[in-house]
Amino acid sequence: MTEQQVAIDCGARIPPGWGKARRARRKTTVTIREPVGSESFSTAWGILSAEPGLDWVVVQQDGAAYPIKKTIFASTYEEAQPGRYRKKAISQLVQVPPGVVAVLTTREGDLEVRHPDYVVIGEEGEVYANGAQWVADNLQFL
């Protein structure tokens with residue numbers, strides 16, 4: 001059986017037959033700390049630096065850490081419980097139906113997404129993908 005390909009370049013182009021986007025938020029929380037002097041962090045997206053007074057170091061539950069500007073942290077995170085923070089963003093996700101390949105035009109290039117994974121609609125209508133297992137591990141549907 002041949003999979004149906006559906007090109008999607010923005011959230012408005014997700015076929016209505018796939019259902020209404022479901023809202024979800026992060027269920028994982030992080031802690032933060034002030035950098036100890038100038039610190040460097042090797043991440044999948046490059047080497048990032050943190051400076052005392054300007055940045056926080058975000059520490060994930062698995063111990064992985066990365067820097068973030070204090071101003072950005074203040075606008076994108078909220079305190080979930082004393083000393084623990086969660087991203088504020090509410091994601092909108094639509095699961096790709098069986099037998100369909102969603103060909104997403106993302107900012108990084110084209111991406112093929114299949115069931116049971118999700119198409120995520122960003123704040124500006126942009127689309128990207130989240131794997132079903134990542135969604136189960138990290139998001140809570142509202």
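Predicted model: local features only at pLDDT ≥ 70, side-chain atom pairs only at ≥ 80, totals over all residues.
Figure 1. Let's start with R22, whose charged end sits over the ring of F141, 3.6 Å from the ring centre. F141 is partly exposed, because its relative accessibility is 26%. For another charge over a ring, look at K70, which lies over the face of W56 at 4.3 Å from the ring centre.

**Figure 2. Three aromatic pairs turn up when the whole structure is searched.** One of them is F73 with Y85, an edge-to-face pair with 5.3 Å from centre to centre and 75° between the planes. This pair links distant parts of the chain, since F73 belongs to helix α1 (residues 70–76) and Y85 to strand β9 (residues 84–87), 12 residues apart. F73 is buried, with a relative accessible area of 6%, and Y85 is buried too, at 18%. Next come Y118 and F141: their ring centres are 6.1 Å apart and their planes meet at 45°, so this pair is tilted. Y118 is in strand β13 and F141 in strand β15 (residues 139–141), so the pair ties together parts 23 residues apart in sequence. Ring pairs also join F73, Y77 and Y85 into a cluster.

**Figure 3. Strand β13 (residues 118–121) is covered on both faces.** Y118 and V120 are buried on one side, while V119 and I121 are buried on the other. For Y118, the relative accessible area is 9%. Strand β10 (residues 90–95) pairs with β13 in the antiparallel sense over four bridges, and here Q92 has I121 as its bridge partner. Four bridges also connect β13 with strand β14 (residues 127–130), again antiparallel; in this pairing, V119 stands opposite A129. Five residues lie between the strands in the β13–β14 hairpin, where G125 takes a positive phi near 85°.

**Figure 4. A cis peptide bond joins H115 and P116.** Its omega is about 15°. You will find P116 in the loop between β12 (109–114) and β13.

**Figure 5. W18 is a loop residue, placed between β1 (4–8) and β2 (22–26).** Is W18 buried or exposed? W18 is buried, because its relative accessible area is 16% and the cut-off for buried is under 20%. Beyond its neighbours within four places in sequence, W18 contacts several residues, including V6, I8, V94, P97 and V119.

**Figure 6. N138 is part of helix α2 (residues 132–138).** N138 counts as buried, with 16% relative accessibility. Setting aside neighbours within four places in sequence, N138 is in contact with R25, R26, K27 and T28.

Conventions. Residues numbered from 1 in each chain as written. Heavy atoms only, no water. Helix = DSSP H or I, 4+ residues; strand = E, 2+ residues; numbered from the N terminus. Buried < 20%, exposed > 50% of the residue type's maximum accessible area, 1.4 Å probe, protein only. Contact = heavy atoms within 4.5 Å. Pairing = 2+ DSSP bridges. Phe/Tyr/Trp six-rings, centres within 6.5 Å; stacked < 30°, edge-to-face > 60°. Lys NZ or Arg CZ within 6 Å of the ring centre and 35° of its normal.
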